[in-house]
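Subject: Structure handover

Hello,

Here is the structure I promised to pass on. Please open it first, then read the notes below it.

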Amino acid sequence: MKKLIGNNEVKAALLRLFQKGRIPNALLFAGPDGVGKKQFAFELARMFVCPHANADGACGECPACSRTDVFSLPTSDKGDDYDRVFFSQHPDVGLVVPFKRNLRVGAIRDLEREANFRPYEAGVRIFIVDDADKMNDAASNALLKTLEEPPATSHIILIASRADCLLPTIRSRCQMMRFAPVPSEDIRLLLLGGGHFSPEDAALAARVSGGSITRALDTVPAAFRIQRSLVLRALNAAANDDKCSLLTASEEMNDAKNKEDFESKLEIIRGVIHDMWLLKNGGRMQDILNADLIADLNDLSERLESTDLANWMAEIETMYESFIVNINRKVATDALLVGMAA
């Protein structure tokens, strides 16, 4: 547990429950994307399978620990390939993963079957359900059957970024552990320790990560700065009521060659708008994500209304919620950006 960063309260609670032998059979790790929920789940699994586990957690060095999070996951586009529990190199640690934004009912039914088998090596079996909030009704009802009468030798850990999307009956049968964003200073030190970020880039990636370790590690500072400059141009166009430039910005966001970057670009827009809203409303400087652009942000915020900035942030949140279904991103982006000049 010592190697995990952030969410020290969750860490302490899990250690305390483990030491007392009171880890529930069903846990729900809820919190924003990228804050370490899955890493905490794997570390808890290590604690269960490690023969040398102590008050500080698993040793992290024995063969059982090293095999816990090593998986061979499918890369195919066939949904049937995801209709099962994937076991790591340790036979008592299983993982259920979604296929194209959906957790399939076949995978949950396989989990129900596997959970009733006794452990092979360890004292218990651990099943981690990633993106549990992506279950449909059929999958949710199948999981509910397992949670109603969980086998004594099986522990199920649900990982969800949107816990409110789970059935209330599922939430009520799990002990929820709430995860918070990781402090930016912790992320900065992590990035520096990896040796792949300069001090300036590590500081930038940590600030704009929103407390997400995953987002920080995935940040390519040079590419981020280029995308952010496009965002600033678009916001300047909005301040100048330049609909033509805003439509051009929408085309760039939806470029087929860069469609995988769409959500990261939208996140940059949200971050910049939020920074301007903070400046407009006397927010603290330490809360400004794009602090290296403070002069540009001040200039833009003075030309825009606080209510406009708040409305734009609300529109972006609505877009994020719409990603659960297959929306037309081009139409949605056009509406968002052109609406900024309305």
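Helix 10 gives the most to the lining of the largest cavity, with 4 residues. Helices here are DSSP runs of H or I with at least four residues, numbered from the N terminus. A cavity is a set of points on a 1 Å grid over the protein atoms alone where a 1.4 Å probe fits but cannot get out, and lining residues have an atom within 4 Å of a point.

Before you go on: this is a predicted model, where local features need pLDDT of at least 70, side-chain atom pairs count only at pLDDT 80 or more, and totals for chains, interfaces and linings use all residues. Residues are numbered from 1 along each chain as its sequence is written, and side-chain values use heavy atoms, with hydrogens and water left out.

**The cavity**

The whole structure has 1 cavity of 30 Å³ or more. The volume of the largest cavity is about 110 Å³; a volume is the space filled by probe spheres set on the grid points, which are joined across faces, edges and corners. Helix 10 (221–239), helix 11 (243–253) and helix 12 each supply at least two lining residues. Among the lining residues are Gln227, Ala249, Lys265 and Leu337.

Asp275 sits in helix 12 (residues 262–280). Asp275 is buried but has no salt bridge. Buried means under 20% relative accessible area, with a 1.4 Å probe and protein chains only. A salt bridge needs a side-chain nitrogen of Lys or Arg within 4 Å of a carboxyl oxygen of Asp or Glu. The nearest side chain of opposite charge, Arg228, is 7.0 Å away. Lys and Arg count as positive, Asp and Glu as negative; His and the chain ends are not counted.

**Aromatic pairs**

How many aromatic pairs does the structure hold? There are 7. Rings of Phe, Tyr and Trp (its six-membered ring) pair if their centres lie within 6.5 Å; planes under 30 degrees apart are stacked, over 60 edge-to-face, the rest tilted.

Phe18 and Phe48 have ring centres 5.6 Å apart and planes at 80 degrees, so they are edge-to-face. This pair links distant parts of the chain: Phe18 is in helix 1 (residues 8–19) and Phe48 in helix 2 (residues 37–49), 30 residues apart. Phe48 is buried, at 18% relative accessible area. Phe86 is buried too, at 2%. Ring pairs also join Phe29, Phe40 and Phe179 into a cluster.

Best wishes

Technical notes. Buried means under 20% relative accessible area, exposed over 50%, partly exposed in between (1.4 Å probe, protein chains only). On a 1 Å grid over the protein atoms alone, a cavity is a set of points where a 1.4 Å probe fits but cannot get out, and a pocket is an open set with protein on both sides within 12 Å along at least five of seven lines; lining residues have an atom within 4 Å of a point.
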